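I opened the notebook to record what I looked up in this model. My entries go topic by topic.

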Amino acid sequence: MSNLRAQNLNNVTKRYLQLNPVNATSNGQFSFASGLPLIKFDIASSALPTLLDGKELRLTGKYTATNGNGTNITNNGTYFADGFAGPVYQAIDTITIASKRLNQNLERINMCNRLVPSLISSQNNPKRINTKLSVGGKHKSTIPLTRHQLSSYNEVNTHGNYVAATASRTGVDFSIPIYAGIFHSGEDLDLSSISGVGGLTIEILLRSNVTGAVFGADANTNNASYVLSDLVLTVPVYEMGGMAAQERQSQVNQFNFNSWSSMFQTINSSASVLAFTPGMSRVSSMIMNFLTASELGDQRFNSCRLGPIGELRQLRFSKNGALLPLQYRLQTVERPNNTATGIANSPNNSSSIKSLRVSVNRNALEGVRTDRYNKVNNTCISYRDWSCGAVDIAQNTGNSGIEPTGCFTQGVLYDAYGSGQDFSQMVWSCEFNVSATNTLAAGIDATQTAVVPVANNLDGTATTAQSVTLYFLNKNTLLFNAQGIDIQR
């Protein structure tokens, strides 16, 4: 509960608004293939203070996956969705939240399909993903489990009965929160035209079928596509009345919130450095994830996969060339795992010793949670889970959906409780040290005598090059009263 609401419990009344997209067509369907990839919701303002509880905001509807010719996907085909993203967020590219009074974007999140897997896997363990999050967002802890979820609705209706008629197969129901920083900042957002932001517009841009639909060999062959329909945005609001409302309208009010900003880079060298000026003045944390660059735009592969990058040895974060926020490099134990006797008597092969990237994972969890890391709870990044981020998981593991994938996220916390780090005119940089020669054992050959190697390195070629998606969490402040509104970033 926010402080403002807690201080005025006797003067607030809760109710739910249910909104349909303002740009919906007669059939209520949205998809990239149909030429309508933009979903727009308009949340109106009111004169009295009206507090929006962003954590309870929910987008509900139906998700339907079909082949390109409109036929249903098969139960035994290779059709998958990313487990951590879920089929709905896999289809979402950008979310934009704007103030109607300010006529300006408050937050714009690009590449949502890669942010959500990092958030879900870092803050939820497999049990929670396969129960609570599976019901609403259709998330799963491993990719193979998503196939049954995508195909089963093609066989039964809402009563569990078999449906033979194609026209009756209407998709699977979903209910998802909006994973935007502004809605998960711990404070209610005032929608009032006098004491608040004057209403909101929320725009959701969908991804193309090739990158946003289900993936897999059969999905690619049959040009699988998706449709979102029957969309409703449920908005929980608290209406304030009495003297508390009059007081709020007569004073300058402040709203502190977080926002995600994304960057995209590529690396292909074992000693790579990312360096740029983010242009943000109050950065709380940064997280990033990796995907083999050659898989981008290929429906055979999972575009939401959190890849391990390769045999990672060191990470170094800095600001204008000086180590910050850590005064040391993050080291891993992956190089010591290389042994001459581990696999096939080759010094470039890693043995199958399972060991976490402890220091890397700890700082990544701090970055996602924006809190100091005191204990392990509700995370997939743990030793006992297959997707834990242990070493010796090959660079492209899980890309086709046939086998589970990992949950590799890197990041760092800059400031949990203060005003954040100023990168408005400062250069942010991260240095990677990755093996250029390491290989892993993909299995034993037909003669049962030799190991089949698979690359797990950055050797400077396009084959192993990695795309890097970076997300900065920045603190912002809104100041508003009856005369106007101002935003400080």
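Predicted model: local features only at pLDDT ≥ 70, side-chain atom pairs only at ≥ 80, totals over all residues.

The entries below cover the pocket, the cavity, the rings, the backbone and the cysteines.

**Entry 1**

**Entry 1: the largest pocket**

I began with the open space. The largest pocket holds about 1,400 Å³. I find 48 residues in its lining. Nearest its centre lie Lys-55, Gly-181, His-184, Ser-185 and Gly-186.

Strand E12 gives the largest share, six residues.

I then sorted the lining of the largest pocket by class. It has 21 polar, 16 nonpolar and 11 charged residues.

**Entry 2: the cavity**

The volume of the largest cavity is about 30 Å³.

I wrote down its lining: Asp-82, Gly-83, Phe-84, Lys-140, Ser-141, Thr-142, Ile-143 and Thr-405. By class, these residues split into four polar, two nonpolar and two charged.

**Entry 3: aromatic pairs**

I count nine aromatic pairs in the structure. I looked at Phe-80 and Phe-215 to begin with. Their ring centres are 6.0 Å apart and their planes meet at 40°, so I log the pair as tilted. Phe-80 sits in the loop between strand E5 (58-66) and helix H2 (86-90), and Phe-215 in the loop between helix H7 (209-212) and helix H8 (217-221). The two residues are 135 apart in sequence, so the pair ties together separate parts of the chain. Both Phe-80 and Phe-215 are buried.

I then checked Tyr-89 with Tyr-179. This pair is also tilted, with 5.4 Å from centre to centre and 50° between the planes. Tyr-89 belongs to helix H2, while Tyr-179 is in the loop between strand E8 (172-176) and strand E9 (189-190). The pair links distant parts of the chain, 90 residues apart. Tyr-89 and Tyr-179 are both buried.

I also found a cluster. Phe-276, Trp-428 and Phe-472 are joined by ring pairs.

**Entry 4: charges over rings**

I looked for charged side chains over ring faces. Arg-5 lies over the face of Tyr-238, 4.0 Å from the ring centre. Lys-319 lies over the face of Phe-423, at 5.4 Å from the ring centre.

**Entry 5: backbone**

Which peptide bond did I log as cis? I logged the one from Leu-324 to Pro-325, with omega near 0°. Pro-325 is in the loop between strand E16 (322-323) and strand E17 (330-331).

Ile-309 has phi near 70°. Its place is the loop between strand E14 (283-292) and strand E15 (312-319). Is Ile-309 buried or exposed? Its relative accessible area is 0%, so I mark Ile-309 as buried.

Asn-320 also has a positive phi, about 55°, and is not a glycine. I place Asn-320 in the loop between E15 and E16. With a relative accessible area of 46%, Asn-320 is partly exposed.

**Entry 6: cysteines**

I searched for disulfides. A disulfide is a covalent bond between the sulfur atoms of two cysteines. The count here is zero.

I checked Cys-304 for burial. Its relative accessibility is 1%, so Cys-304 counts as buried. Cys-380 is in no disulfide. Its nearest cysteine sulfur belongs to Cys-407 and is 5.3 Å away.

I ended with Asn-11. This residue is in the loop between H1 and strand E1 (12-19). At 30% relative accessibility, Asn-11 counts as partly exposed. How far apart are Asn-11 and Ala-244 in space? I noted 7.1 Å, C-alpha to C-alpha. In sequence, Asn-11 and Ala-244 are 233 residues apart.

Methods
Residues numbered from 1 in each chain as written. Heavy atoms only, no water. 1 Å grid on protein atoms, 1.4 Å probe; cavity = no way out; pocket = protein on both sides within 12 Å on 5 of 7 lines; lining within 4 Å. Points joined across faces, edges and corners; volume = space filled by probe spheres on them. Nonpolar A, V, L, I, M, F, W, Y, C, P; charged D, E, K, R; others polar. Phe/Tyr/Trp six-rings, centres within 6.5 Å; stacked < 30°, edge-to-face > 60°. Helix = DSSP H or I, 4+ residues; strand = E, 2+ residues; numbered from the N terminus. Buried < 20%, exposed > 50% of the residue type's maximum accessible area, 1.4 Å probe, protein only. Lys NZ or Arg CZ within 6 Å of the ring centre and 35° of its normal. Disulfide = S-S within 2.5 Å.
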